[in-house]
Amino acid sequence: MCGRGHPYHRFAAQLCDLFESSNYLLVIGQYSLATSGFEYILQYYQGAEIYNNLGVLLRETGRLEDAIESYHEALRLKPDNAEARGNLGNALSEFGKLTEALACYQAAFKIRPSAGLRVKMATA
């Protein structure tokens, strides 16, 4: 989302900074603050990467149904997003929907092959 080579106007640059800060807050476990940041950004910019990262946060906090919805929104916006598709597979797997999870892993693998996805496909 935040390609610094593009001429952003001030507000867009602030949203970009907030996205980076929200990702950091997610990593360090400050989920409430990260949620606020992502939700604020979504009021102005509906990007696949925002929905994907919000899905990660929702999954981390045990809100699997909301995470799945967020990943679906990310994929509606960017169907070839391998990260969101793999994350959706993880959430579906935790939710007990193993057949759907496997389909997500296979689709993500077709987009961007990785050893991690190969392992998930073998164990799903």
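How exposed is arginine 63, in terms of relative accessible area? Arginine 63 has a relative accessible area of 41% and is therefore partly exposed, where buried denotes under 20% relative accessible area, exposed over 50%, and partly exposed the range in between (1.4 Å probe, protein chains only). The structure is a predicted model, in which local features need pLDDT of at least 70 and side-chain atom pairs count only at pLDDT 80 or more, whereas totals for chains, interfaces and linings use all residues. Residues are numbered from 1 along each chain as its sequence is written, and side-chain values use heavy atoms, with hydrogens and water left out.

A search of the whole structure finds 3 salt bridges, a salt bridge being a side-chain nitrogen of Lys or Arg within 4 Å of a carboxyl oxygen of Asp or Glu. One of them joins the side chains of arginine 59 and glutamate 94 (2.6 Å, N to O); this pair links distant parts of the chain, with arginine 59 in helix 3 and glutamate 94 in helix 5, 35 residues apart. Helices (H or I, at least four residues) are DSSP runs numbered from the N terminus. Both partners are partly exposed, arginine 59 at 23% relative accessibility and glutamate 94 at 44%.

Arginine 63 itself meets aspartate 66 in a salt bridge (3.0 Å, N to O), and aspartate 66 is partly exposed, with a relative accessible area of 31%. In a further salt bridge, the closest N and O atoms of glutamate 73 and arginine 76 are 2.5 Å apart. These two residues are separated by about one helical turn, because they lie 3 residues apart in helix 4 (residues 64–77). Glutamate 73 is partly exposed at 22% relative accessible area, while arginine 76 counts as exposed at 55%.

Arginine 85, found in helix 5 (residues 82–94), is buried yet has no salt bridge, the nearest side chain of opposite charge, that of aspartate 80, being 7.8 Å away; here Lys and Arg count as positive and Asp and Glu as negative, with His and the chain ends not counted. Leaving aside neighbours within four places in sequence, arginine 85 is in contact with Leu75, Pro79, Cys104, Ala107, Ala108 and Ile111, contact meaning heavy atoms within 4.5 Å.

On the surface, Phe11, Tyr40, Tyr44 and Tyr45 form a nonpolar patch with about 360 Å² of accessible area together. Patches are made of residues with over 30% relative accessible area and no salt bridge, like charges being joined within 9 Å and nonpolar side chains (Val, Leu, Ile, Met, Phe, Trp, Tyr) within 5 Å. Tyrosine 44 lies in the loop between helix 2 (31–42) and helix 3 (48–60), and is partly exposed, with a relative accessible area of 44%.

Methods
Areas by Shrake-Rupley, 256 points an atom, 1.4 Å probe, with all protein chains shown as cover.
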